[in-house]
Amino acid sequence: MRAVLSIGSNLGERLAHLQAVVDALGTDVVGISPVYQTAPWGSVPQPDFLNVIVIADGREPLGWLATAHRLEQAAQRVRTQRWGPRTLDVDVISCREIGANGEILSDDPDLTLPHPRAHLRAFVLVPWLALQPDAVLTVEGEIRPVADLVAGLDRSERESARRVDVTLSDPVT
């Protein structure tokens, strides 16, 4: 199973938190996007995020969710405020069987796939497009190119994702 994971951090050593995820995933990592700095989403005042997309193989969808929660806990993420600041946020955006055309669709209360708000968020779409220019995402039952979703974002939202001059290293294995 191949997963698209959105990784973000806006507290502490932001880049180190992102790198820790890549290192923990090890040889399951297929690709890592460039790093982007993005304004926080929502109305809670907080620092900007660093965000990347990681594409990885090796787990079923609920296994990816469990891995995301484990990585967040390792980074001492505290969940006190919706859309509040965090050391690490790992979201499962999309899952598909390797070699399959369609995504796994799920309305499970623990894991909705694809992520229900991914198509609205530049911090997901812009890094994903940079990593995988032919990426597609199912939105309201329709398969849409991520490039079209990015183009359809409000200009200010699209421009809020700014590529930064830092990179993550390949996983330490």
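A residue is taken as buried when its relative accessible area is under 20%, and in this predicted model S33, with a relative accessible area of 4%, therefore counts as buried. S33 is located in the loop that lies between β2 (29-32) and β3 (36-38). Not counting residues up to four places away in sequence, the residues touched by S33 are V52, I53, P127 and L131, and the side chain of S33 reaches the backbone nitrogen of I53 at 2.9 Å.

Strand β1 is likewise largely enclosed by the rest of the structure, since 7 of its 8 residues are buried.

In soluble globular proteins, nonpolar side chains tend to be buried together. In the present model, the largest nonpolar core comprises 26 residues, and those with the most contacts inside it are I7, L25, V54 and W64. Two or more residues are given to this core by each of β1 (2-9), α1 (14-25), β4 (49-57), α2 (61-74) and β5 (89-96). A second, separate core contains 20 residues, among them V4, A118, F123 and V126. When its neighbours within four places in sequence are left aside, I7 is in contact with L18, V21, L50, N51, V52, V54, L88, D89 and V90.

Definitions and conventions: Residues are numbered from 1 along each chain as its sequence is written. This is a predicted model: local features need pLDDT of at least 70, side-chain atom pairs count only at pLDDT 80 or more; totals for chains, interfaces and linings use all residues. Side-chain values use heavy atoms; hydrogens and water are left out. A nonpolar core is a set of buried Ala, Val, Leu, Ile, Met, Phe, Trp, Tyr and Cys residues joined through side-chain atoms within 4.5 Å. Buried means under 20% relative accessible area, exposed over 50%, partly exposed in between (1.4 Å probe, protein chains only). Helices (H or I, at least four residues) and strands (E, at least two) are DSSP runs, numbered from the N terminus. Contact means heavy atoms within 4.5 Å. A polar contact is a pair of N or O atoms within 3.5 Å; within protein, one must be able to donate a hydrogen and the other to accept it, and residues adjacent in sequence count only if both atoms are side-chain atoms.
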